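Please look at the structure below with attention to its ligand and to one of its helices. The report that follows takes these two topics in turn.

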Amino acid sequence: MLVSQILKQKPQGVITAAPAMTIAELAALLAQHKIGAVVVTTDQKSVQGIVSERDIVRVLGQKGAAALTQPISSIMTAKVVTCPLDVRATHVLQLMTEGRFRHMPVMADGALVGMISIGDVVKARLSELAMEKDALEGMIKGF
Ligand code: AMP
């Protein structure tokens, strides 16, 4: 399954945050949308960074509640791995496993068009495997 097909099954649009947003505001945004990471951007197109719940936990563990008023730009990952629309889910899973992260911004013509999580990729792969199993069973049983 391609990344473009996974995105079609998700609600349109990407939740993003501005670099000046505070860590407390980001925590509220992640909770409100029930998501684990957002792309940091000023124009909704280019990717300046990515910040996930892991980054929040790390800084709170190091600095305590005083960190909540820091801007998210101070904890974001600036070197973001992205993917295009026409790559396979299995390739994205490999990149996530190698990079030890669970979120992947999707780009088209240099602009942010979506975000997929490891949960989306695993769900897509499981449904693909179920279809392959049904097809193989059909061939064996002669349907
Ligand atoms: P995650 O597993 O996605 O919650 O993220 C774990 C760490 O990797 C955090 O420090 C994130 O900022 C970072 N991260 C998440 N997604 C990406 C990505 N696509 N490229 C680079 N770093 C990422």
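A polar side-chain atom of H103 lies 2.6 Å from an oxygen atom of the ligand, which is a polar contact, that is, a pair of N or O atoms within 3.5 Å. The table lists this contact together with two others.

| Residue | Part of the residue | Distance to a ligand oxygen atom |
|---|---|---|
| H103 | side chain | 2.6 Å |
| R102 | side chain | 2.7 Å |
| I50 | backbone | 3.5 Å |

Taken alone, the ligand exposes 470 Å², and the protein buries 92% of that, with areas computed by the Shrake-Rupley method using a 1.4 Å probe. The ligand is surrounded by 14 residues, and the closest are S52, D55, T77, R102 and H103, where a residue counts as near if one of its heavy atoms lies within 4 Å.

The model is predicted, so local features need pLDDT of at least 70 and side-chain atom pairs count only at pLDDT 80 or more, whereas totals for chains, interfaces and linings use all residues. Residues are numbered from 1 along each chain as its sequence is written, and side-chain values use heavy atoms, leaving out hydrogens and water.

In helix α3, which spans residues 53–63, the residues D55, I56 and V59 are buried, meaning under 20% relative accessible area, while exposed means over 50% (1.4 Å probe, protein chains only). Helices are DSSP runs of H or I with at least four residues, and strands are runs of E with at least two, numbered from the N terminus. The buried residues of α3 pack against α2 (23–33) and β3 (49–52), with contact meaning heavy atoms within 4.5 Å. The face turned away from this buried side carries the exposed residues V57 and G61.

Methods: A polar contact is a pair of N or O atoms within 3.5 Å; within protein, one must be able to donate a hydrogen and the other to accept it, and residues adjacent in sequence count only if both atoms are side-chain atoms.
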